[in-house]
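This report looks at one helix, its neighbour and the aromatic rings around them. Please have the structure open while reading.

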Amino acid sequence: MREIAAFMVEEFGISHREAAARVNEAFDDAESGSCPDLLGHELPEHWAYGLYYGDVPYWDESADRSSWKVRPAPPFASP
C-alpha cells in the first residue's frame, strides 16, 4: 500500500498525508490477510488512479484527461 501512496504523491503532486488517507479510507475494512493477494493483481498505478479519480481509462494515452474529476479527499482528521 505504500507503493500506491508513493505513486499518488509523485504522479498527482498531493501530500503524503492525503495519499495515505486515501489508501486507508479505501482499504480500512479489508482484512489484512486478504490485502496482499488483492493488491498483488494490479500495479500501484491502477489503485492510485482509482482512489484519486475513480474509474478512468488511465492506460489510454488518447484519453481526454481534462474531463477527469478528482474525488474528494478524506476529511483532514481521518486516520
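Are phenylalanine 12 and tyrosine 49 buried or exposed? Phenylalanine 12 is buried, as is tyrosine 49. The model is a predicted one, and every value below is computed from it.

## The two sides of helix H1

Helix H1 covers residues 2-12. Its buried residues include Ile4, Ala5, Met8 and Phe12. These residues lie on the same side of H1, because the arc they cover around the axis is only 100°.

The other side of H1 carries exposed residues, namely Arg2, Glu3 and Glu10. Just after H1 comes glycine 13, which has a positive phi of about 70°.

## Aromatic pairs

A pair of aromatic rings is described by how far apart the centres are and by the angle of the planes. Across the whole structure, a search finds 12 aromatic pairs. One of them joins phenylalanine 12 and tyrosine 49 in an edge-to-face arrangement, with 5.1 Å centre to centre and 85° between the planes. This pair links distant parts of the chain: phenylalanine 12 belongs to helix H1 and tyrosine 49 to helix H4 (residues 44-53), and the two are 37 residues apart.

Tyrosine 49 also forms an aromatic pair with tryptophan 68, again edge-to-face, at 6.2 Å centre to centre and with 85° between the planes. Tyrosine 49 is in helix H4 and tryptophan 68 in the segment after H4, so this pair ties together parts that lie 19 residues apart in sequence. Tyrosine 49 and tryptophan 68 are both buried.

Which residues do ring pairs link into a cluster? The cluster consists of Phe7, Phe12, Tyr49, Tyr52, Tyr53, Tyr58, Trp59 and Trp68.

## How H1 packs on H4

Two packed helices are described by the angle between their axes and by the distance between those axes. For H1 and H4 the angle is about 65°, and the axes are 9 Å apart. The crossing of H1 past H4 is right-handed.

On the H1 side, the contact is made by Glu3, Ile4, Phe7, Met8, Glu11 and Phe12. On the H4 side it is made by Pro44, Glu45, Trp47, Ala48, Tyr49, Leu51, Tyr52 and Tyr53. How many residues of the contact of H1 with H4 are nonpolar, polar and charged? The contact has 11 nonpolar residues, no polar ones and 3 charged ones.

Notes: Residues numbered from 1 in each chain as written. Predicted model: local features only at pLDDT ≥ 70, side-chain atom pairs only at ≥ 80, totals over all residues. Heavy atoms only, no water. Buried < 20%, exposed > 50% of the residue type's maximum accessible area, 1.4 Å probe, protein only. Helix = DSSP H or I, 4+ residues; strand = E, 2+ residues; numbered from the N terminus. Arc of directions from axis to C-beta. Phe/Tyr/Trp six-rings, centres within 6.5 Å; stacked < 30°, edge-to-face > 60°. Axes fitted to C-alpha atoms, helices over the stretch in contact; angles between N-to-C directions. Left-handed = near helix turned anticlockwise from the far one by under 90°. Contact = heavy atoms within 4.5 Å. Nonpolar A, V, L, I, M, F, W, Y, C, P; charged D, E, K, R; others polar.
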